[in-house]
Amino acid sequence: MENKTCFHCGDDCGHHPITFQDKSFCCQGCKTVFEIFNENDLTCYYDLQKSPGAVPKEIEGKYDFLTQENIIDKLTEFRDDNLEITTLYIPHIHCSSCIWILENLNKLDPNITGSQVNFGKKTVRVTYKNTTNLKSVVLLLSAIGYEPYISLDDFSAGKKEINRSLIYKLGVAGFGFGNIMFLSFPEYFEVNEFWLEQYKPLFRWLMFALSLPIVFYSAQDYFISAYKGLKAKILNIDIPIVLGITVLFVRSTIEITWDLGSGFFDSLAGLIFFLLTGKFFQQKTYDFLSFERDYKSYFPIAITKINHEGYEETIQVYDIKKGDRILIRNEELIPVDGILINGNAKIDYSFVTGESQTLRKHSGDKLFAGGKQTQGVIEMEALKSVEQSYLTQLWSNDVFNKDKEEGFTNITNKISKHFTLAILTISLIATSYWLFRDPSKAMNVFTAVLIIACPCAIALSAPFTFGNLLRLFGKHKFYVKNASVIEKLAHINTIIFDKTGTITSNRKSHAKYAGTELSEEEHQVLKSSLRGSNHPLSRTLYSILKANNIETLDTFEEHIGKGIVVQHKTLNMKIGSASFVGSPEERSVLNTTVHVSSNNVYKGKFTFYNSYRKGVSKLFNTLKKHYDLVILSGDNEGERENLKKLLPAKTKLIFNQKPEDKLEFIKYHQTEGAKIIMIGDGLNDAGALAQSDVGIALSEDVNVFSPACDAILDATKFNTLYQFIKASKSAIKIIQWSFVLSFIYNVVGLYFAVTGQLEPVVAAILMPLSSISIVIFTTITTNFLGKKLK
Amino acid sequence: MSVIYILLTISIIVAIGFFIAFILAVKSGQFDDSYTPSVRMLFEDELVKEKPKSTNKTTKTN
């Protein structure tokens, strides 16, 4: 019998699918969601995409805090007596069915008047009448498998304004550029024609009027940046640009006022338009990723506190004081350090360490903030407040307030220093020469040099090269925050790796059996029974064991959280935890194990190990030729021998590192001149990621959270890391070549300028020509680089 | 008065009209999400199953 997949979520239904209307479901939750959709004629949810759903999670009591006024105020963007609007982040949004069902929420609840999905950002903006409330909306979404993610970040951040100023500036420049071109065209072919002479002043003053918003609005960032550069005594690339813009504008205005010529308004508008296009192109953002996350994105807004009279009340996490008793439900995150008072704690610290292995804690044990309870309800006593907890303390370090861009001179600014000086020298020499020969032309030559040397092409090289590479990297699942990260990547000499979750895989795919050999029949029954179980460990073990014939079992009984009991003919087997199966040995806390007994005789256990990612060894061997390699792990030295075997001999292995230690380690090496990439994945690496020159977060699933970093790398692409670094290096070469190319254009232009024969039409041809050929050159070469990436 | 003044005035007014339309479009957030509308516009037909349904209120008509 083939196992069916769930009609709702697409999971394997196991042995006992729930059947409803001829459709199979893996669990009651999925069936309930289907029933809801079915009642409301919304089943075409399943037509758009096959099995698009998610299993609704247990949420009882989880959203009680949404009835508090101050929290609702923070979460809604509009609120009056009869209408509320809120935007909720829903990680599950992944296909067109999701968009469809979420935009039809009004069919499920008539109080909801409208909902609009932003697929890129994975948000839904819900408008609802006051006859319902935020909590019911969230509960409705959770009930259909679209549980919103509400974190402390939503609470503290206020409304984020979207900055659209660059689009406006580009729009203004494009508008002006187009119209100026159209008005200046007649004069390019000036033949002293009667009508042209008649209307020349009108055309020219119209061009002047159109150029005003371009110079004073669109180009304003360049003026600001040049001023800042001068103040800091840095000759950045914006200084020659601003010189060029100013001279273009002033000379053109003078020319048309005294009827000396038609001015260079076309070149002026074109220049600014091209420069802004470059800026726009470089600004590639990934809506669905965030590079700025701190612990706030992980933490809940509110938590249940048990007050002195024993009543439960919801309080904000910032209000938790030392000594408060708090209640943590299943799937909730522990917001503060504390002591477990009662309940069975099974804590998943994967947010913090990257280790997905859950830890059992007993009453009296210390719990650290950032762990997620995965089973039942626990009560704990807070020992610290949120900001003072072990994990969150890390964020008080200065490194999180530092701007990484500071102190970094990019390739364009490196060259602009020499460039600016060279241009000023040339213009002065040419002017003095003309002062002796023909003083009437001297001013003309001086301005012409500054105009023609305006480094539009140079300023465009880096944005287009890096911008294009950013896109190509994104296609290969390496999401880079901005262009300067690629540039820094090219100058790296040290690479530091975190161990757990970074070079090891989170999935347990390794199991070793220890104990009495299992008979053929036992093996088969074991495999058959694992097949019926939904427990993650059963699934893993099932996929590891070699395929045999699958037997039909006589009885199959699963005890949730304990194990499975099966009966096949005369064979009775128990599979599960040590206490359930009756293992003679003490329960081991270090490893994950599954125990097996047959006919009440203990047989042995399967021990699961973290496996190293594929290609780790090969990657390290490629990297060792070019870089210093370090493993910086928060774990104990248990794996040292294994790592020594796996990795090249000169790799440094450092264990037992606290989050602060990692940060300090990197800081120390940076003072010794190391340029460091840090590759990590958990919140405990956050400090190190922020301190390093390039912090790369490795992520199994880019849609879930990763700590603040400069780039996010999909875990499946881990072994191709070196290719990305190599491509970044080639990108620097491309930029250097395009500098050479633009120098050639400048030399040609300078010839016209120095000899005093720069006509507006020459400038109008040369400037766009150089810019466009740079754009074409960089695009073609970077695409060629992209082809080499696998 | 020459016709060229009228023509220039018209051409600039038309250009400014489009420019204002662009600014308004940016302001209303049309360029913030470039993917969802492309999916949304395909939905209308599938809504009609048994009884005709009111059109989706949230669908933008731009």
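Predicted model: local features only at pLDDT ≥ 70, side-chain atom pairs only at ≥ 80, totals over all residues.

Trainee: How many bridges join strand β7 of chain A to β8(A)?

Mentor: Strands here are DSSP runs of E with at least two residues, helices are runs of H or I with at least four, and both are numbered from the N terminus. Two strands pair if DSSP finds at least two bridges between them. Strand β7 of chain A covers residues 302-306 and runs antiparallel to β8(A), and the number of bridges joining them is 5.

Trainee: Why is one side of β8 and of β13 of chain A left without a neighbour in the sheet?

Mentor: Picture the open sheet of 6 strands in chain A, with antiparallel pairing and the order β8-β7-β9-β15-β10-β13. Strands β8 (312-316) and β13 (366-367) of chain A stand at the edges, so one side of each lacks a neighbour because each has a single partner strand.

Trainee: How far apart do the C-alpha centres of domain 2 and domain 5 of chain A lie?

Mentor: Domain bounds come from an automatic or database domain assignment. In chain A, domain 2 spans 64-150 and domain 5 spans 478-504 + 615-728. Their C-alpha centres are separated by 39 Å.

Trainee: What share of chain A is buried?

Mentor: A residue is buried if 20 or more other C-beta atoms, placed from the backbone, lie within 10 Å of its own. Chain A has 27 helices and 28 strands, and its C-alpha atoms fill a box of roughly 110 × 70 × 55 Å along the principal axes. Of the 790 residues in chain A, the buried share is 42%.

Trainee: Which element of chain B has the highest mean pLDDT?

Mentor: pLDDT is the predictor's confidence in each residue, from 0 to 100. Chain B averages 72, and its helix α3 (residues 44-47) has the lowest mean among the elements, 56. The highest mean, 89, belongs to helix α1 (residues 3-27) of chain B.

Trainee: What feature does UniProt place at residues 6-26 of chain B?

Mentor: In the model, that stretch of chain B is 100% helix and 0% strand, with its end C-alpha atoms 30 Å apart. UniProt annotations may be inferred rather than shown by experiment. For residues 6-26 of chain B, the unreviewed UniProt entry gives "transmembrane region".

Terms used:
Residues numbered from 1 in each chain as written. Chains lettered and ligands numbered in written order. Buried ≥ 20, exposed ≤ 12 C-beta atoms within 10 Å, placed from the backbone.
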